[in-house]
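Please read the points below beside the sequence and the coordinates.

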Amino acid sequence: MEKMNLVSGMRSTGKLHLGHYMGVITNWVKLQEDYNCFYFVADWHALTTKYDKTETLKQDKLDVVLDWLACGIDPNKSVIYFQSKVLQIAELHILLSMITPNNWVERDPTLKDMVKILKSKEGENNENIPQMSYGLLGYPVLMSADIMALNAQVVPVGVDQLAHLEITRDIARRFNNIYKTDLFNEPKPKLTEVPLLCGVDGQKMGKSFNNDIKISDDNETTAKKIMQCITDRSRARKDDPGHPDKCEVAFKYYQIFADKTVVEQTAIECKAGKRGCADCKRQLGCIINEKFAPVREKREEYRKDTDKVYDIINEGSKKASVEAEKTMQLVRDAVNI
Ligand code: TRP
Ligand code: SF4
């Protein structure tokens, strides 16, 4: 049976953290075996909120791809590209925008959340809170174009993206109805089972909260950040018996990153008061550094050879364009333009 097309993207937010690694990238790596995977950096989407902060955009885009390659996204298996290098996506976005009713995008809850966050940030130091831009309103339509340009059947996303994907399915159906065609699939979400990795402070891991550990952090930085992990707050002295189940962050990281026997041993020693939290976290830092050593080494090799990385991206962008052009020829025919 022929493999199905799968599309997913990430906005160019710069270096990725362990939450991205556990939640998204390991999943993407596995999917490479079963689907024709198209993975792209959504740099146009980044502009929907950061149109005035583009100084770091080029580097941010590169950093995302470096992390992907280091983690095992394989250019021989998957197509890796920049959204802005596939102009067919922009063309499709225009055509889809014509058939998308305003209220479909206006009631998108994920978009509403984005606007709320944006306004609260702007509000901190700006009295004139800007209106939502035309481009941001079109966020789900652009996302639909990303997916439909490759006529993907499958889209791995987190729950926060489901509302956008619902609009994509509605738009695909509406296109088929209006132009009396069965050109487009209704793409299905593939929910990522996210083993939710919190930040070292126990809140959601994120770069803006300064509680994240980057895939590309060096050993020293990682060790330092791990020492900030919250442990069992009820424990006063290191020979008090501890409670692994109440250890808010450190023990959770153990369960995610350490071997089963190490996890068990840690729990036993903790409960018996035979293990201090500082030592426990020191060991945790070593475990994480060891796990990511090969990833970090591979990243460093790519980072030293950015020509090679841009070759990969350019070639991927060409491949994606060829695929998207096939779709667009059918689309232009269907629309009679
Ligand atoms: N909106 C997605 C996010 O913020 C990124 C994205 C853009 C995407 N276009 C896409 C994901 C197409 C899947 C398919 O995570
Ligand atoms: Fe958590 Fe380890 Fe401290 Fe126990 S010893 S509370 S598992 S950090």
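**Cavity, ligand shell and pocket**

1. The count comes to one cavity of 30 Å³ or more (a cavity being a set of points, on a 1 Å grid over the protein atoms alone, where a 1.4 Å probe fits but cannot get out). The model is predicted: local features need pLDDT of at least 70, side-chain atom pairs count only at pLDDT 80 or more, and totals for chains, interfaces and linings use all residues. Residues are numbered from 1 along each chain as its sequence is written, and ligands from 1 in the order in which they are written.

2. The largest cavity holds about 110 Å³ of space, a volume being the space filled by probe spheres set on the points. Its lining (residues with an atom within 4 Å of a point) comprises 14 residues, with Arg235, Cys247, Cys270, Cys277 and Cys280 nearest the centre. Of the elements, α11 contributes the most, three residues.

3. Ligand 2 sits in this largest cavity, in that more than half of its atoms lie within 2 Å of the grid points. Among the residues around ligand 2 are Thr231, Asp232, Phe251 and Arg275. Two or more residues of the shell come from each of α11 (250–257) and α13 (277–304).

4. The second largest pocket has a volume of about 400 Å³ (a pocket being an open set with protein on both sides within 12 Å along at least five of seven lines). Closest to its centre, of 17 lining residues, are His93, Ser97, Tyr134, Leu137 and Gly138. The largest share of this lining, five residues, belongs to α4.

Definitions and conventions. Side-chain values use heavy atoms; hydrogens and water are left out. A residue is near a molecule or strand if one of its heavy atoms lies within 4 Å of it. Helices (H or I, at least four residues) and strands (E, at least two) are DSSP runs, numbered from the N terminus.
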